[in-house]
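Here are my notes on the two chains, as promised. Have the model open while you read.

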Amino acid sequence: MEFKQRHLLGIQHLDVSDILTVLDTAESLSEISTREVKKVPTLRGKTIVNLFFEPSTRTRSSFELAAKRLSADIINFSQQTSSVVKGESLKDTVLNFEAMNPDALVIRHSCSGAPHFVSTFCRSHVINAGDGSHEHPTQALLDAFTIRQAKKSFRDLRVVIVGDILHSRVARSNVFLLSKLGAQITLVGPPSLLPEEFKNFGATISHSLDESLAGADVIMMLRIQTERQKANFFPSIREYRNLYCLTEKRFQLANKDAIIMHPGPINRGVEISSEMADSVKSVILKQVENGIAIRMAILYLLLGGRERETAD
Amino acid sequence: MEEKIKAKVMDAAKIKRSLVRMTTEILERNRNLKNLVIVGIRTRGIYLGKRISKLIQDLEKVDIPVGVLDITLYRDDFAELETQHMVQKTEIDFPISKKDVLLVDDVLFTGRTIRAAMDSLFDLGRPQTVQLFVLIDRGHRELPIRPDYVGKVLPTSKREVVQVKLSEVDDADEVLITEPAELK
């Protein structure tokens, strides 16, 4: 098996063998984080730049720890404390970092396609850490890794993804990834946040959470992304909660061994009740733990070994 | 790549006799068997390690745990590898600090694998002793490393390839010397 990509820009263009290579590598690397000395020398001398043009808690620190556990050096950039506030463009910012000879750039940006744009002119490996409403590939990979730990097989697994699908890059990446692996996906949300076009990605569309939960194996709740909503998409948080909040009562409708997932940050009492977020069926913190192994795998697969000639 | 088999150096019976003899040497040297643990280097070191553990069990009725070490992350030629090496899991679910660790591999050649294995071991703890067990020592050392238990010393040329086959993963128990076919 081999990971054939030079960059990780999204899930859409990966094939099943690429995906399984990442998951298997993460499986092998996860043991390192349980050691007393949580470090291996593999990427010694490699430099990684975390370029975060949008706020992040989990993803940024997860990439940072992943790099450090592989002995790579990593520096952090965040928009708020940078020259971007003085008017420096994305391209110029990247070119300046490139002049410092890094090996990989991890990019989060509010514009869809920003990592792809960067990959067209830079020498480093580019890793998409979330771009606008487009993709968040490492999140989908860690979700798949977490599902595989609980469910063993993806074939015909019933996955329900609930919430602000319109603005969610996590939902897009997960639809691409889980459908490639053979899962059946139902997207649930109010019509204003769930465009009919999502049918084209191979998912089923529903506006009723209660109806969709029957027979569900995996329930993935999403946050309402008020920062991306330029209009009012539903009348009130209260109404949204009444229709789409995952409560104990609603959870009874799903399969009894169903798991609850959330990419975070969670808004308790809006899309998920506190009891459900903290219940034994919730793997939300397991997702965070697995995020490190997945990001270690991506860094290892992109930066390990000699610079390969890729035809692209 | 085409390869030519030049010689069969060991068959199943010879491998078995060597393992029994080496196990006796291990027992001679390690009076306190309770402190002994075995770590096999992927892939064939694992099966050799398990066979030694079984032999000790038969002879002394003591259970010696066997762990698995994957050295991919510690290779010194990591940056120059042409092809990607899949990392596999290191599975040592017992503490190795203050233990006598028997490090097991099939073939000892340049010594670089053992260097990587020892670095990896020391990240997991501080063993009391590390003893090296190899079925074949084919020479051409590039590092100051020597084995404590050797099945067979096999003088080879650098061009030759020594293949240890074990029935757990291969079709038979045997040791072959092969050589890549001449380029036409």
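How many aromatic pairs does the rule find over all chains?

1. The count is eight aromatic pairs over all chains, where rings of Phe, Tyr and Trp (its six-membered ring) pair if their centres lie within 6.5 Å, with planes under 30 degrees apart stacked, over 60 edge-to-face and the rest tilted. Y240(A) and Y244(A) are a tilted pair, because their planes sit at 40°, with centres 5.3 Å apart.

2. Keep in mind that this is a predicted model, where local features need pLDDT of at least 70, side-chain atom pairs count only at pLDDT 80 or more, and totals for chains, interfaces and linings use all residues. Residues are numbered from 1 along each chain as its sequence is written, chains are lettered from A in the order written, and side-chain values use heavy atoms, without hydrogens or water.

3. Both tyrosines lie in helix 8 (residues 237-244) of chain A, four residues apart, about one turn. Y240(A) is buried at 3% relative accessible area and Y244(A) at 4% (buried means under 20%, with a 1.4 Å probe and protein chains only).

4. Over in chain B, F133(B) and Y149(B) make another tilted pair, 6.4 Å centre to centre. F133(B) is in strand 5 and Y149(B) in strand 6, 16 residues apart; both are buried.

5. On to the interface: 17 residues of chain B and 25 of chain A are in contact (heavy atoms within 4.5 Å). There is one salt bridge between the chains, K89(B) to E27(A), at 3.3 Å, N to O (Lys or Arg side-chain nitrogen within 4 Å of an Asp or Glu carboxyl oxygen).

Note on methods
Helices (H or I, at least four residues) and strands (E, at least two) are DSSP runs, numbered from the N terminus. Buried means under 20% relative accessible area, exposed over 50%, partly exposed in between (1.4 Å probe, protein chains only).
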